[in-house]
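Reader: Could you walk me through this one before I set anything up? I would like to go piece by piece.

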Amino acid sequence: MTRKQRRLTLISLAGVVLASAVGLVLFALSDGITFFTSPSDVLAKPPAPEQRVRLGGLVEQGSIVKEADGVVRFAVTDGKATVPARFVGILPDLFREGQGVVAEGKVDASGLFEADTVLAKHDETYMPKEVVEALKQSGEWRPEDAGQASQAVTQ
Amino acid sequence: MIVELGHYALVLALVLALVGGTVPFFGALRGDERLMSVASTTAVAQFVFLALSFAALTYAYVASDFSVQNVAENSHSLKPLLYKVTGVWGNHEGSMLLWVLILALFGALVALFSENLPLKLKALVLSVQAWIGVAFLLFILVSSNPFLRLDPAPFEGRDLNPLLQDIGLAIHPPLLYLGYVGCSISFAFAIAALIDGRIDAAWARWVRPWTLTAWCFLTLGISMGSYWAYYELGWGGWWFWDPVENSSFMPWLAATALLHSAIVMEKREALKIWTILLAILTFSLSLLGTFLVRSGVLTSVHAFATDPTRGIFILIILCVFVGGAFALFATRAGTLSQGGLFAPISREGALVLNNLLLTAACATVLVGTLYPLALEALTGEKISVGAPFFDMTFGPMMVPLIIAVPFGPFLAWKRGDIVAAGQRLLFAFGAAMAAVIIGLALMGTPAALALFGVALAIWLMVGSLSEIAFRIKLGRASLGESWRRGAGLPRSAWGTAVAHFGLGVTVLGVVAATAWNSETIVTLKPGEVMSIGDRTLTMDGFVPLSASNYTGTGVRFTVREGGNVVATMEPEKRLYTVPNTPTTEAAIKTFGFSQLYVSLGDVSADGATVVRVYWKTLVTLIWLGTLVMTAGGVLSLSDRRLRVGAPKPSRRSVAVPAE
């Protein structure tokens with residue numbers, strides 16, 4: 001092989017690898033990402049049943065109901081709208097009523113949010129960034145809730 | 001007083017870094033040996049002063065001096081001594097101090113242990129290293145000073161986040177930083193070579209041990225972090241594709257590519273420009289990681305208290321160093337001479353393929369990490385890119401890499417024979433196929449995808465050892481002869497085989513723990529029994545806990561296998577007193593290479609507890625594999641060829657003048 005042919009082989013190999021990487025990324029971006037929504041968004045424009053979303057807000061006061069075998073029902077609110085949610089599993093240690101939460105999952109046909117991941121704050125001074133923004137938008141933001149670090153629990 | 005001395009030492013270290021960044025640099029430009037030789041002295045002195053500074057902060061923590069703001073915010077007098085010490089780097093300011101300490105450590109090591117390095121190159125390397133030090137020391141002194149005093153001093157500290165009160169904090173950050181920051185050396189070498197304009201095989205020989213050292217630490221650091229998250233966070237996951245994990249994983253991928261391309265440069269003087277670029281990229285990704293973690297643009301377990309000025313400061317450092325390096329690269333890369341030729345099927349070709357796949361995989365991780373940030377900045381839309389994205393992009397990129405790895409060492413330099421290599425790998429191929437057939441017979445077609453993964457892992461493990469088996473003529477010569485040949489093989493050949501074998505072990509662990517992971521969530525009362533796989537767990541009852549800084553409840557379980565007691569487990573719920581924080585401590589028992597993992601949920605009024613039980617098949621192989629990979633790195637590092645470096649001029653027998 002001449003020097004030119006060798007270089008061409010090398011460049012086309014690089015091209016193939018890069019093209020497949022780009023293809024994979026584009027394919028995954030159309031499918032593997034999750035949008036962040038607030039309870040108001042969910043009520044105004046419910047996501048498609050198979051679409052995964054992250055729902056952020058506060059756990060509504062008096063909404064946590066613990067059922068058998070780790071099933072937990074609660075509601076996520078941003079002060080304007082409230083979405084009922086259900087989660088099976090062990091919740092983060094600091095999952096409490098009136099505190100910030102980010103839940104990841106899908107909204108079913110009846111409007112119930114089936115969460116498969118719940119993120120809650122991690123110490124006394126933390127509020128997930130997305131929740132802060134959602135609360136700011138709905139005017140429910142109290143800056144004394146700000147802080148650091150998060151914790152997640154997946155089912 | 002000691003705290004002020006520490007503060008003063010920190011300022012002195014900055015001054016030394018400024019001197020070390022300028023004097024040897026001009027010395028190198030003007031060819032003045034006396035100015036150049038200043039570099040070693042300042043590098044060592046900078047390290048000594050930073051070590052003093054770090055010791056002073058550690059003293060403040062151990063003595064619980066709450067008049068120091070950093071100590072008051074992150075420590076508590078009742079905390080066990082170990083966590084007082086590790087708490088030094090369990091916060092933003094202290095961990096930045098550890099960062100620069102390690103940066104200076106690497107500078108000092110280069111100054112002390114590379115006597116055969118040409119003086120000019122050494123001066124340039126150390127001055128680049130000193131400039132990185134200047135940037136981060138300024139950052140610490142201006143925006144993240146751990147030595148600030150509080151007046152009046154509080155009576156008691158606010159304590160360290162309970163999740164960090166773990167032996168993991170003693171191990172993970174120092175190892176990770178040694179890896180992360182160690183990449184600065186190859187960066188400094190690359191910049192020095194670009195300024196000097198001379199890059200040859202000797203350069204690759206000097207750079208490789210440093211890169212390899214950093215790589216070993218980075219591998220261990222990431223792996224220990226993964227195990228820590230696995231047992232501490234209580235939900236049984238070992239890798240979350242969290243942006244912060246990604247920001248340590250990207251430099252690892254780039255450093256792995258760099259290790260391999262430096263081999264080509266060392267042996268064949270080819271891929272020079274590419275190797276230099278990778279050295280710059282690796283440290284750029286480390287800096288990017290530092291920015292992502294410290295600036296608060298991400299929500300993560302690793303994010304410390306966020307402060308926008310810090311983010312902007314690091315962003316400026318990032319832009320100056322990365323931008324400057326790439327500008328220098330753009331102007332100088334064209335002047336580098338071309339290296340040796342090689343056919344596409346050759347050792348060089350295989351290493352190029354390795355580099356292509358690793359950098360492409362690294363790029364997909366980069367896209368997944370930065371895309372949400374870019375999208376939010378541009379459109380305001382908030383998304384999260386999670387595991388599905390990375391499974392779909394990173395996973396497929398790794399498959400061809402794993403298939404190709406065993407071929408590499410069998411191919412000759414310049415022009416290889418892939419058919420011969422394939423023949424020598426027939427045994428590995430057979431072993432992988434046998435695993436698939438046995439697996440399909442036992443588990444049927446639903447397990448096909450997982451079995452494909454297992455086959456890849458076995459191919460990689462057996463294939464890596466095949467090279468050694470071939471070279472020592474295992475089975476074709478007497479055992480004694482094979483032993484003699486094995487002992488005679490260069491350590492780096494063993495290192496390669498062991499590291500590749502370790503990768504196979506990790507892949508096997510990842511596949512098995514993902515595919516054959518079972519999980520049960522039940523509510524149990526004392527005396528009740530649940531079963532998982534072949535085992536049963538009996539909840540025996542509650543055990544009250546109390547320690548110096550927390551109280552809590554443990555739940556005792558007895559694990560039985562076919563009626564025989566095989567283990568007892570005691571997961572805990574803890575309530576830390578300061579700050580008032582509950583945490584969950586999972587209980588883990590290892591059976592062979594697999595693990596049983598139990599964590600607790602809330603206890604209801606009638607004494608029933610939500611219990612989550614996992615069976616993780618072969619999960620420990622994930623971390624054992626990384627230990628094997630590191631062992632491979634260390635073996636390679638101990639190779640005589642690397643230690644000696646370039647041929648040394650014979651020591652002149654000049655008598656030391658009497659003083």
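**Strands, helices and one tryptophan**

Author: Strand 9 of chain B and strand 10 of chain B, the latter covering residues 594–603, are paired in the antiparallel sense over five bridges. Please keep in mind throughout that this is a predicted model.

Reader: ok, and which residue of strand 10 stands opposite B:Ala587?

Author: That is B:Val598, which stands opposite B:Ala587.

Reader: what order do the strands of that open sheet have?

Author: The order is 2-11-10-9 in chain B, an open sheet of four strands with antiparallel pairing. Strand 2 (517–524) and strand 9 (587–591) of chain B stand at the edges with a single partner strand each, so one side of each has no neighbour in the sheet. On average, neighbouring strands of this sheet are turned by 15 degrees against each other, with direction ignored.

Reader: zooming out, how many helices and strands are there in chain B?

Author: Chain B has 21 helices and eleven strands, and 51% of its 659 residues count as buried.

Reader: and what about its radius of gyration?

Author: The radius of gyration of chain B is 27 Å, which agrees with the value near 26 Å that a compact globule of 659 residues would have. Along its principal axes, the C-alpha trace of chain B spans about 80 × 75 × 60 Å. Among contacts in chain B with a separation of 6 or more, 74% are between residues 24 or more positions apart.

Reader: switching to helices, at what angle do helix 8 and helix 11 of chain B pack?

Author: Helix 8 (residues 167–196) and helix 11 (residues 272–294) of chain B pack at about 140 degrees, and their axes are 8 Å apart. Angles over 145 degrees would count as roughly antiparallel, and the two helices of chain B are therefore oblique to each other. Their crossing is left-handed.

Reader: which residues meet there?

Author: From helix 8 of chain B the residues include B:Tyr180, B:Phe187 and B:Leu194, while those from helix 11 of chain B include B:Ile276, B:Phe283 and B:Gly289.

Reader: last one, is B:Trp494 buried, exposed or partly exposed?

Author: B:Trp494, which is in helix 19 (residues 491–515) of chain B, counts as partly exposed because 18 C-beta neighbours lie inside 10 Å, whereas a buried residue would need 20 or more.

Reader: what does B:Trp494 touch?

Author: Leaving aside residues up to four places away in sequence, B:Trp494 touches B:Ile468, B:Leu489 and B:Leu635. The C-alpha atoms of B:Trp494 and B:Asp151, which are 343 residues apart along the chain, are separated by 59 Å.

Methods:
Residues are numbered from 1 along each chain as its sequence is written. Chains are lettered from A and ligands numbered from 1 in the order in which they are written. This is a predicted model: local features need pLDDT of at least 70, side-chain atom pairs count only at pLDDT 80 or more; totals for chains, interfaces and linings use all residues. Two strands pair if DSSP finds at least two bridges between them. Axes are lines fitted to C-alpha atoms, for helices over the stretch in contact, and angles run from 0 to 180 degrees between N-to-C directions. The radius of gyration is taken over C-alpha atoms; the globule rule is 2.2 Å times the number of residues to the power 0.38. A residue is buried if 20 or more other C-beta atoms lie within 10 Å of its own, exposed if 12 or fewer, and partly exposed in between; C-beta atoms are placed from the backbone. Two residues are in contact if their C-beta atoms, placed from the backbone, lie within 7 Å. Angles under 35 degrees count as roughly parallel, over 145 as roughly antiparallel, 65 to 115 as roughly perpendicular and the rest as oblique. A crossing is left-handed if the near helix is turned anticlockwise from the far one by less than a right angle, and right-handed if clockwise.
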